[in-house]
Amino acid sequence: MGIKARKRLSLTISYIVLGLWSLILFFPIYWVVITSFKSQVDFAVKSRYLPFIDFQPTLNAWRYLFVERLNWFMTPFMNSLIVAFISSIIALVIGSMAGYALARFKFGRHNNSIVLGFMSQRMFPGALFILAFLVMFRELHLLDTRTALVIVYASGAVPFVVWVMRDFFETLPVEIEESAMIDGASRLRIIFRIAMPLAAPGLVAVFVLCLIGAWNEYLVALTLSFREAITIPLFMQMQVSTTGYTEWWNMSAIALVSVVPVMIAGMLLEKYITGGLTFGALKG
Amino acid sequence: MASDSTVMVPQKAQTRPKRHFEFELPDKTWRWILLLPAVIVVVVLLAIPILWTLYAAFTDLHLFRIGVPTSFVGLKNFDTLLHNSSFWRTVKNTVIFMLGVVPAQLIVGMGVALCLDNITRGRKFFRTWFLMPLMVSPVVVSFVVGRMLFAEDIGPVNEFLRFLGFKGIPWFTNSTWAMVMLMIVDVWQWSSFMILMLMAGLQGIPPDLHEAANVDGATAWQSFWRITMPLLVPILVTALLIRIIDAFKVVDIVMVLTGGGPGQATETVTLAIYRTGVKGGDLAFGSSQAYFLMIIMLVFGGAFLFMSRRALGRSD
């Protein structure tokens, strides 16, 4: 076999593998989408795979979700949205400040130990925290509130933000900041007018990753919320466990509404997200 | 933005009195102002709960017993724990889950990442698409995807197997298959992490190394083991360690897909902690379980790091 033929063969195999894995990833999504257009009769005897051929798609589930029961779904949706956004903003502000400090200033010789101290918190299993949080927020009378979730998610995300942003600030040239300082700019001005804008790609990536983490979190929400402050993952679980019989078409519509915005945001920002995910790990 | 602060500021500073928000503090003060909020948050909300849980593990603290003084019971909780066969079952389940999931993700991740590195056209598309599972909530994945696709009577997976001439698999009623199903769902979702990490690693390897090896007559196989692998090892170790830790923490897909069943066949340690500590209110026993999980994770993580370091030392 010549080099060219071998090259072509290896390319073909590569595309087959990639296509296969893409299909495996795609099928469940496809299934959720078509299920949201099904109705009860389509669940009898066998699965229906193709809309218009196997089954007649209806908008029942979507009408149910957005017209008939909008309020019922709006509560967890707004809870998730508010909790995710506020906790991510808090984590971003607090974490990037510390990240900047650890990248630009010397704390004796302890900069790396401080970062390691932050990161070690992420080693601990979530199960280690939920019991303490349960007692703590019960004492503070904050059980089943969005405040409790915001506090937990924000503090949980801070170490990650510190870790990634510190690395990110270190890759930015310090000369720009130094020349601004010679020109008499204050430290505050340097941070807000120079460092933060330059670090925008990193900040965006970290923010979206925090957002996704909070949006999808389950264990803590399950422990701290039960009626008023339930988030979407919790809400979905309740729909099944309480009835036993599940309206899969409605569930699929809910799943899509909760997943699609995050999915699109993540994939549009693919470059930054992949960077944020792998950045810290590559250095470690 | 940059020109604004580099050019304008000194002129203003000379002609006008300083505006009051331009207050100046020495860097020594600044570094603490910037760092302290994060430190306080982490200490109050992460370190103190960790220590509190450690304290609780040595007491008879109970969620629903209020007003009764708490007393220290020493190692009693851990003693009960070690003699509790149902707890050991959850430990076994968790370890089996980890041992099944991590190698599978490594194989998928390595295979797909190598293919991705091999192609040029469409790479961006695949990379973006492979990011998708990481964005989806595990609850949605296990619910809609797991419960629907693996449904025993009319789920597409079983229908496909029957189409191929096999029998349908009892995904939810058979202990072994229930565990396999959980592993499949986890591999579906988290292989992407491995792919992206390894892909980033492969991109960092200079292509002329492979070209030089090629000129010297190395086969693709040799080139992979002698050049790619050694350079990939640091990232590989990090990625695997992260996946090992995460696999030990698994709870959401278990809770939603099987609820730990059938029987106790798929109950993981974290699920057990949730059940005893949060549902049952036995904070003390739950805390001791949580610390036991921590110890298991440290042992496995440490062993993995030790072994990978030894393997590295040998290959050099």
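These legends walk through several close-up views of a predicted model. Residues are numbered from 1 along each chain as its sequence is written, with chains lettered from A and ligands numbered from 1 in the order in which they are written. Local features need pLDDT of at least 70 and side-chain atom pairs pLDDT 80 or more, while totals for chains, interfaces and linings use all residues; side-chain values use heavy atoms, without hydrogens and water.

**View 1. Chain A is built from helices.** Chain A has 13 helices and zero strands (DSSP runs, H or I of at least four residues for helices, E of at least two for strands, numbered from the N terminus). Of its 284 residues, 53% are buried, meaning under 20% relative accessible area with a 1.4 Å probe and protein chains only.

**View 2. A:Phe169 sits in the largest nonpolar core.** This core has 195 residues, and A:Phe169 is among those with the most contacts inside it, along with A:Met236, B:Phe97, B:Phe130 and B:Phe143. Such a core is a set of buried Ala, Val, Leu, Ile, Met, Phe, Trp, Tyr and Cys residues joined through side-chain atoms within 4.5 Å. H8(B) brings the largest share, 15 residues. Beyond its neighbours within four places in sequence, A:Phe169 is in contact with residues including A:Tyr100, A:Arg104 and A:Met196 (contact means heavy atoms within 4.5 Å).

**View 3. The largest cavity has residues of both chains in its lining, among them A:Ile29 and B:Val136.** A cavity is a set of points on a 1 Å grid over the protein atoms alone where a 1.4 Å probe fits but cannot get out; a pocket is an open set with protein on both sides within 12 Å along at least five of seven lines, and lining residues have an atom within 4 Å of a point. The space here is about 70 Å³, a volume being the space filled by probe spheres set on the points. H12(A) supplies the largest share of the lining, five residues. By class, the lining has 10 nonpolar, no polar and no charged residues.

**View 4. The second largest cavity has a volume of about 30 Å³.** Its lining includes A:Trp215, A:Met236 and B:Ser137. H11(A) gives the most, with three residues.

**View 5. The second largest pocket holds about 1,400 Å³ of space.** Of its 30 lining residues, A:Lys7, A:Ser10, B:Asn118, B:His210 and B:Ala220 lie nearest its centre. H1(A) gives the most to this lining, with eight residues.

Conventions
Buried means under 20% relative accessible area, exposed over 50%, partly exposed in between (1.4 Å probe, protein chains only). Ala, Val, Leu, Ile, Met, Phe, Trp, Tyr, Cys and Pro count as nonpolar, Asp, Glu, Lys and Arg as charged, and the others, Gly among them, as polar.
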